[in-house]
Amino acid sequence: VVRSLIYEITLAGQAGATTRAEFDDCHVTMGPGTTILRAELPDQAALAGLMERITGLGLDVIRLDLIAPPLAS
Amino acid sequence: MTDQTVPWRPEAASRGTTRLGRPAGALGDLILASKITVPGVPDWVVQRPRITRLIAEGRRCCPLTVVTGPPGAGKTMALALWAATEPGPVAWVGLDDYDNRPEAFWSYLIAALRRSGVAISKRLSAAARGRADDGGFLLRFAAALAVQDPPVTLVLDDLHLLTEPQVLKGLDFVLRSAGAGLRLAVSSRMDPLLPLHRYRVAGQLAEIRAGDLAFNTSEAGLLLAQHGCTLTADLVEALTRRTEGWAAGLRLAAMSLAGHPDPGQFVKELAAEDSALTGYLVEEVLAAQPPQVRDVALCTSILEYVSADAAAEVAGDDRAAGILIALARANAFVQPVGSGRYRYHTLFGEVLRLKLRRERPDQVATLHRRAARWYERNGLLTDAVRHAVRAGDWQLAAEIVIDDLAIGPMLEPGDGQLLAAEFAGMPPGQAWAGPQPHLILAAAALSADHPGSCAAALDAADGMLERVPTCEQAASRLTAAVIRLTACLRAGDLAGAAAAADRAEQQAGQVPGATLARHPDITERILGGRGAVELWSGHLDQAVRVLSTGAGHDGRHGRAGYAGHLALAEAARGRLGRATERGAAALADNGRLPPARDRDSAALVALAWVHLQRSELREARICLKQADAVLAVSPDRLTGAMACLVAALGALAEGRAEVAAQIVTRARSGWPVPPWIDQQLGLVQSRACTAMGDSRAGLAAARRAAFDDSLEASVALAHAFAAAGDGESARRALAPALEAGREAPRPVRLCARLVDARLSYASGDHARGRRSLASALRLAEPEQLRLPFALERSWIGPVLKGEPELAGTHRGLLAPPSRHEPLPAPASASAQAPVLIVEPLSDREREVLRHVSGMLTTAEVASEMYISVNTVKTHLRSIYRKLAADHRGEAVRRARQLQLI
């Protein structure tokens with residue numbers, strides 16, 4: 001049974017339209033001088049892939065949060 | 001598993017000496033069979049039908065199947081087990097870091113597809129090695145796959161290692177374009193950098209994730225049984241829960257359990273432990289081993305691949321080989337990879353290295369140093385350097401390269417990247433113990449086109465070399481001379497180059513012959529450098545002699561570039577046919593045009609010269625334009641000056657004397673022009689002044705050029721006198737050339753006859769005029785030298801009306817030149833700037849270019865800049881024009897070189 005986890009990744013700077021479009025699989029919100037990506041990810045491989053996409057675009061990650069903790073089994 | 005590490009070369013792959021000195025492991029066109037073979041399934045592996053079914057189902061329904069999970073999750077085995085059951089063709093590529101280079105990646109794909117039975121034309125596979133970045137290749141590749149029925153499944157194992165956007169974009173493009181003919185199945189530690197969500201939304205993606213790969217209790221029971229442990233159902237379940245079904249964890253646990261007195265207790269402890277699983281299990285596995293086995297494992301964990309020999313050396317223990325074999329036999333996370341080599345399982349190796357660093361921090365550098373020595377002795381230079389660098393021993397790393405005379409590839413931009421990359425972290429400005437690190441820095445500066453730092457590093461190396469006896473450090477001395485030679489030639493410092501060539505020739509005799517023989521590129525460089533010095537000194541016969549020796553060296557030529565110089569020398573002494581052959585040979589590389597960076601600017605200028613001498617102005621213009629593009633990328637003062645000379649002569653032939661004079665002025669400004677080139681430019685300047693009606697200035701220029709009393713200059717002086725109406729002085733200047741007869745080079749004799757004809761006709765001696773003109777025409781026939789007549793059309797035209805016989809016989813030579821567009825005026829060589837002077841980019845264009853360099857598509861650039869797609873395209877067209885680029889990659893590259901972005 002796959003338990004999806006919700007992560008929030010905070011990036012430095014406000015993303016432009018192009019960058020936002022790059023993450024159309026995430027929920028993107030803007031903070032003060034930051035961009036927050038909220039993504040529901042099935043596992044560590046998905047998280048690693050997302051982080052790689054972010055760094056590949058030269059974006060700086062300033063915070064990574066696990067929002068929904070795993071359900072107790 | 002059979003030994004599949006035997007390399008083979010795909011057809012027509014050999015690119016000869018361009019690969020000389022390429023470090024082992026850099027591959028070149030080498031295809032390693034082990035990379036394109038479905039991995040064998042070890043006997044401890046458990047069949048897992050449910051996973052095989054998931055993959056088979058994915059392959060049936062979706063173009064893309066991804067298997068993701070952490071290391072040791074069993075991804076590769078899952079794909080290998082499925083591949084064994086797949087009736088259709090399966091092409092397998094096990095990826096590594098090197099595959100981020102497009103040519104390597106596409107070559108492996110093609111080799112794997114061929115192996116699986118897919119017919120792929122030789123042309124296409126040749127294109128993969130050359131111009132894999134060009135869209136045409138991808139399209140043809142996709143088209144070849146689209147027609148596969150049944151579809152071929154391409155398996156890319158370890159796709160997380162691919163990070164190069166260009167390669168991934170190409171892969172995505174091929175997958176989307178090949179349609180029903182191609183299925184892609186990949187394994188990756190992280191979600192691959194393909195636009196997964198687009199495939200997912202379209203229902204074209206099958207995902208097998210860590211959760212699916214996790215072993216269930218019954219599978220775990222089977223795995224444990226394979227390792228000879230039988231546990232109660234409760235304990236199996238506890239173990240599966242604790243390891244979360246992680247295959248590597250279960251295996252480690254099974255191995256620990258095999259020798260454990262109380263398996264039940266072990267599982268209970270494990271389940272209760274709060275420690276990180278891997279480290280705990282590796283400790284357990286190691287704890288079960290005798291001390292000397294632990295020792296060998298820790299010491300050899302720093303090696304990528306462990307052979308018996310290397311293990312003995314690095315561990316300093318002769319029994320290491322036996323221990324290694326025993327470990328592999330016991331499945332203790334040591335895997336044989338063929339040819340008597342082993343590899344630690346990734347996770348196991350990582351934990352071993354972690355332990356080594358923590359338990360024996362003092363020993364790490366020593367081990368790396370030993371490994372470096374071993375690799376060096378076995379000729380694996382890049383690996384040797386890597387370990388020396390990990391030992392923090394830059395001096396050793398530099399010695400490995402320099403003392404082996406392996407500097408060649410590092411001198412060229414691009415070619416020696418792998419080796420050069422190992423030195424990327426080298427701290428500058430250190431007090432090194434030897435000259436070698438300075439020489440590495442000099443080579444890096446030269447290939448990065450920083451002549452100032454290169455010279456400084458060379459001076460530092462030379463300073464150290466002066467303090468040791470001359471019989472020592474021969475390899476460093478030779479390397480220093482070779483770097484200096486290359487740098488001086490590039491900067492146009494002929495005197496410096498000549499001195500460096502002397503030193504290099506002398507030092508080449510001091511190094512061991514066997515070392516030199518292993519690196520023929522060094523000999524080539526010296527020979528090529530010497531030939532270039534002779535060429536630019538105007539000793540054309542001597543240059544041809546030296547350079548021909550080099551070309552005969554192995555029938556080919558490296559990037560040392562003397563084929564082009566040879567072509568230029570032949571062209572300059574009027575042997576146009578030979579120049580064409582040499583020039584074409586220098587440019588053709590397996591019948592395809594290499595990228596601009598690799599093209600030989602001297603060969604292009606030689607061809608331009610040939611066309612010009614034959615009055616084929618349009619063709620000359622095309623060659624010059626290409627030469628200019630190459631020179632913009634790899635600047636070369638001397639060849640640039642020669643290009644200016646050809647352009648000036650061309651302008652003269654078009655009747656644009658003023659432009660010719662301007663080009664000459666520009667070619668001369670800002671650097672100490674070597675005498676021969678200065679003289680050649682002076683001769684053109686003299687003619688240009690005369691053509692503009694300023695015969696005094698023409699005469700003055702010819703006088704200045706005639707400083708060395710060479711026959712060629714004397715004839716030019718005679719020409720200037722004749723144009724100024726001073727027949728007597730003209731005849732006096734002409735006499736030596738006419739008397740020299742056959743000893744004078746043919747073009748000089750031709751011009752002398754032509755001046756004599758002009759003087760004779762002017763003085764009314766028509767008989768002598770006719771004789772001389774006829775003889776000039778005869779001299780011009782074999783090589784079809786039309787330019788001298790075209791330049792003298794003002795008086796030859798009227799004269800020919802009275803000489804119908806001559807005009808008829810030599811109609812071909814006397815036809816008016818083909819003229820379409822005016823020749824470009826290449827800008828010349830101002831200090832460090834490339835030859836091409838680009839029209840400045842507008843702010844808007846610069847912005848577009850910046851976005852393009854950030855990998856944005858045209859549409860994305862448009863939305864980012866709030867302009868229409870068409871406007872972006874217009875900007876792009878204008879950018880291409882200004883930068884003489886054919887596509888965006890080239891434009892970005894050039895703009896970076898010119899520091900426009």
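Reader: What share of the contacts in chain A with a separation of 6 or more comes from residues 24 or more positions apart?

Author: The model is a predicted one. Chain A contains two helices and four strands, and along the sequence they follow the pattern β-α-β-β-α-β. Among the contacts in chain A with a separation of 6 or more, the share from residues 24 or more positions apart is 68%.

Reader: What is the corresponding share in chain B, for residues 24 or more positions apart?

Author: Chain B has 49 helices and ten strands. Of its contacts with a separation of 6 or more, the part that joins residues 24 or more positions apart is 69%.

Reader: What percentage of the residues of chain B count as buried?

Author: A residue counts as buried when its relative accessible area is under 20%. In chain A, with 73 residues, 34% count as buried. In chain B, with 901 residues, the figure is 55%.

Reader: How much of the accessible surface of chain A belongs to carbon and sulfur atoms?

Author: Chain B exposes about 37500 Å², and carbon and sulfur atoms supply 53% of that area. For chain A the accessible surface is about 4100 Å², and the part belonging to carbon and sulfur atoms is 54%.

Reader: How many residues apart in sequence are the parts that Arg53(A) and Asp25(A) tie together?

Author: Side chains of opposite charge can pair when their charged atoms come close. Arg53(A) and Asp25(A) form a salt bridge, with their closest N and O atoms 3.0 Å apart. Because Arg53(A) lies in helix α2 (residues 44–56) of chain A and Asp25(A) in the loop between α1 (17–22) and β2 (27–31), the pair ties together parts that are 28 residues apart in sequence.

Reader: Glu570(B) and Arg578(B) meet in a salt bridge. Is Glu570(B) buried or exposed?

Author: The N to O distance in this salt bridge between Glu570(B) and Arg578(B) is 3.1 Å. Arg578(B), at 39% relative accessibility, is partly exposed. Glu570(B) has a relative accessibility of 0%, so this residue counts as buried.

Reader: Which helix of chain B holds Arg770(B), the partner of Glu803(B)?

Author: Glu803(B) and Arg770(B) meet through their side chains in a salt bridge of 2.7 Å, N to O. Glu803(B) sits in the loop between α43 (793–801) and α44 (804–809), so its pairing with Arg770(B) ties together parts 33 residues apart in sequence. Glu803(B) is buried at 7% relative accessibility, whereas Arg770(B) is partly exposed at 38%. The helix that holds Arg770(B) is α41 (residues 766–780).

Reader: Which residues does Gly434(B) touch, not counting residues up to four places away in sequence?

Author: Gly434(B) lies in the loop between α22 (417–422) and α23 (436–447) of chain B, and at 5% relative accessibility it counts as buried. The C-alpha atoms of Gly434(B) and Met464(B) are separated by 7.1 Å, although these residues are 30 apart along the chain. With residues up to four places away left out, Gly434(B) touches Gln395(B) and Met464(B).

Reader: Which residues of chain B lose the most area to chain A?

Author: At the interface, 14 residues of chain B are in contact with 13 residues of chain A. The area buried between the two chains is about 1100 Å², and carbon and sulfur atoms give 58% of it. Together accounting for 39% of what the chain B side buries, the residues that lose the most area are Met190(B), His197(B) and Arg209(B).

Technical notes
Residues numbered from 1 in each chain as written. Chains lettered and ligands numbered in written order. Predicted model: local features only at pLDDT ≥ 70, side-chain atom pairs only at ≥ 80, totals over all residues. Heavy atoms only, no water. Buried < 20%, exposed > 50% of the residue type's maximum accessible area, 1.4 Å probe, protein only. Contact = heavy atoms within 4.5 Å. Areas by Shrake-Rupley, 256 points an atom, 1.4 Å probe, with all protein chains shown as cover. Salt bridge = Lys/Arg side-chain N within 4 Å of Asp/Glu carboxyl O. Buried area = accessible area lost by both parts, 1.4 Å probe.
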